[in-house]
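Biologist: I am new to this structure and would like to learn how to read it. Please take me through some features, with the general idea before each case.

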Amino acid sequence: MDLNIDTPNRVLAEKSGRLQTFLREMGSLLVACSGGTDSMFLTFAAHEALGDRVMAVTAVSPSYPVRDLEATRKILHGLGIPHLLVETEEMDREGYRRNQPDRCYFCKDDLFGRLVPMAAALGIAWVADGTNAEDDPADRPGMQAARTHGVRSPLREAGLVKAEIRELSRCAGIQTWDKPASACLSSRIPFGTQIQPDMLEQVRQAEEILQDLGFRQVRVRHHGEVARIEVGPEEWARWEDAEVRDMVVRSLRVLGFRHVAVDLESYGVKKKIEDRG
């Protein structure tokens with residue numbers, strides 16, 4: 001099968017063709033699909049190339065937002081792609097809980113340590129992730145775990161960067177094409193602060209409150225008694241609404257935050273080191 005995406009961009013069409021070649025050569029594939037733009041497009045492209053020789057797997061843990069899981073399951077079901085869930089236990093690893101800049105290595109090591117034998121048991125040749133060509137290994141310790149376990153990154157191998165993946169996803173009609181960048185909930189805890197499940201639950205509920213109010217690109221950074229909110233630059237006007245501000249403050253205080261602050265530097269203005277993985 002071919003990836004039938006109509007794009008007038010010659011370079012993009014060539015990269016898309018290169019991706020399909022790589023995927024067909026792989027023969028069968030287990031894709032670590034978080035439901036983000038990159039991994040969802042890879043899963044779609046692999047299914048187009050390999051049909052029923054593709055399986056999507058999503059890791060479930062306290063650091064993965066429930067709403068993201070529900071959305072991922074719905075999209076994959078709509079695309080007709082087989083989907084499994086695997087419970088990971090990165091929270092049991094001291095290296096993960098101590099929350100240093102290499103935190104994501106321990107998460108990915110746990111995940112890939114489960115997916116590689118799962119693929120073997122299913123008779124699937126390769127495990128792949130959604131790493132793209134502009135992901136920097138210096139910022140993403142999880143890439144080291146992928147190399148250690150022999151996990152492939154077909155989008156990166158094909159030279160596809162985030163903007164190109166979004167465009168190909170848009171042309172293919174994949175609804176995650178414009179999904180805001182996301183990262184696990186542990187990324188909301190400052191490096192050096194021990195990660196606790198109750199912190200992750202506070203963050204999850206706080207972000208859902210903001211999402212229910214219409215904020216699309218949002219982070220709630222956990223600083224003990226202080227919740228530091230970041231929203232996208234296009235959403236700053238929402239803070240002019242006193243009712244919205246009051247509702248956010250009241251709701252987050254109910255969750256246990258004594259102080260609610262808005263970061264004066266919008267999310268996305270600069271690279272957020274906290275979100276790396």
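Modeller: Start inside helix 1 (residues 10–26), where Arg10 and Glu14 both lie, four residues apart, about one turn of the helix. Helices (H or I, at least four residues) and strands (E, at least two) are DSSP runs, numbered from the N terminus. This is a predicted model, in which local features need pLDDT of at least 70 and side-chain atom pairs count only at pLDDT 80 or more, while totals for chains, interfaces and linings use all residues. Residues are numbered from 1 along each chain as its sequence is written, and side-chain values use heavy atoms, with hydrogens and water left out.

Biologist: What joins the side chains of Arg10 and Glu14?

Modeller: A salt bridge is a side-chain nitrogen of Lys or Arg within 4 Å of a carboxyl oxygen of Asp or Glu. Arg10 and Glu14 meet in one, at 2.9 Å from N to O.

Biologist: Is Arg10 buried or exposed?

Modeller: Buried means under 20% relative accessible area, exposed over 50%, and partly exposed in between (1.4 Å probe, protein chains only). Arg10 has 58% and is exposed; Glu14, at 42%, is partly exposed.

Biologist: Which residue forms a salt bridge with Asp38?

Modeller: Lys162 does, with the closest N and O atoms 3.1 Å apart. This pair links distant parts of the chain, since Asp38 is in helix 2 and Lys162 in helix 8 (residues 162–172), 124 residues apart. Asp38 counts as buried at 9% relative accessibility, whereas Lys162 is partly exposed at 24%.

Biologist: How many salt bridges are there in the whole structure?

Modeller: A search finds 21. Another of them joins Arg97 and Glu94, at 2.8 Å from N to O. Both residues lie in helix 4 (residues 94–97), three residues apart, about one turn of the helix. Arg97 is partly exposed at 23% relative accessibility, and Glu94 is partly exposed at 39%. Elsewhere, salt bridges that share partners join Arg67, Glu201, Arg204, Glu208 and Asp212 into one network.

Biologist: Now the strands. In what order do the four strands of the open sheet come?

Modeller: Strands of a sheet pair through backbone hydrogen bonds, either parallel or antiparallel. Two strands count as paired if DSSP finds at least two bridges between them. Here the order is 3-2-1-4, and the pairing is parallel. Strand 3 (83–87) and strand 4 (126–128) stand at the edges with a single partner strand each, so one side of each has no neighbour in the sheet. Neighbouring strands are turned by 30° against each other on average, direction ignored. Strand 2 (residues 54–60) is joined to strand 3 by five bridges, and Val57 has Leu84 in strand 3 as its bridge partner.

Biologist: Which helices pack on the sheet?

Modeller: Contact means heavy atoms within 4.5 Å. Axes are lines fitted to C-alpha atoms, for helices over the stretch in contact, and angles run from 0 to 180 degrees between N-to-C directions. Helix 2 (residues 37–50) touches strand 1 (29–32), strand 2 and strand 4, its direction making about 165° with that of strand 1. Helix 3 (residues 66–79) touches strand 2 and strand 3, and makes about 155° with strand 3.

Biologist: How do strand 5 and strand 6 run?

Modeller: Strand 5 and strand 6 (residues 226–231) run antiparallel, joined by six bridges. Val218 has Val231 as its partner. Two residues lie between the strands of this hairpin, where Gly224 takes a positive phi near 65°. Five of the six residues of strand 5 (residues 218–223) are buried.
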